[in-house]
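This report describes one protein model, beginning with a single residue and its surroundings and then turning to the sheet and the chain as a whole.

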Amino acid sequence: MSELTQKEFEAVLALNADYRQAMFLRVAKEQQGFYILIDGEGPVILDDTEEDENGTLYSVLPVWSHAELAEAYAKSASIDAKPQLVSVKAWNESWVESFKDQKLLVGFMPVEDKDFAVDDPVAL
């Protein structure tokens, strides 16, 4: 997996939610993997605070294209967790369908205190 230079890292932080989502999708496909955060209990899951049109609240699995971005988010959010690589193959074969049944959405590359795109889990 590739590493970000400091200049690339800062550029990603400046992107809006839509551009970060597009970057994630492109890079995850190219690298055939992406990162989540893992703590002592498993993957870090965020609680969504916005209801859908039916009043349902969903949980959100945050994902990142690079380990450095995941580490920076964990630090800024005071989360004691480490980045874990997830292969696209494992994601497509094991995670996508099970997450749909659990009312779990994907949060694309949250950074610091900015908004981030959230969507249904889909195969990459």
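## Surroundings of Ser65

Leaving aside residues up to four places away in sequence, Ser65 touches Met23, Phe24, Val27, Gln31, Tyr35 and Met109, where contact means heavy atoms within 4.5 Å. Ser65 counts as buried because its relative accessibility is 0%; buried means under 20% relative accessible area, with a 1.4 Å probe and protein chains only. The side chains of Ser65 and His66 are joined by a polar contact of 2.8 Å.

The model is predicted: local features need pLDDT of at least 70, side-chain atom pairs count only at pLDDT 80 or more, and totals for chains, interfaces and linings use all residues. Residues are numbered from 1 along each chain as its sequence is written, and side-chain values use heavy atoms, with hydrogens and water left out.

## The open sheet

Ser65 lies in the loop between β4 (59-63) and α3; helices (H or I, at least four residues) and strands (E, at least two) are DSSP runs, numbered from the N terminus. An open antiparallel sheet is formed by three strands in the order β2-β1-β5. Both β2 (42-43) and β5 (82-87) stand at the edges with a single partner strand each, so one side of each is left without a neighbour in the sheet.

Six antiparallel bridges link β1 (residues 33-39) to β5, and Gln84 in β5 is the bridge partner of Ile36.

## The chain

The protein chain has four helices and seven strands. Of its 124 residues, 40% count as buried. The C-alpha trace spans about 40 × 30 × 30 Å along its principal axes.

Terms used
Two strands pair if DSSP finds at least two bridges between them. Buried means under 20% relative accessible area, exposed over 50%, partly exposed in between (1.4 Å probe, protein chains only). A polar contact is a pair of N or O atoms within 3.5 Å; within protein, one must be able to donate a hydrogen and the other to accept it, and residues adjacent in sequence count only if both atoms are side-chain atoms.
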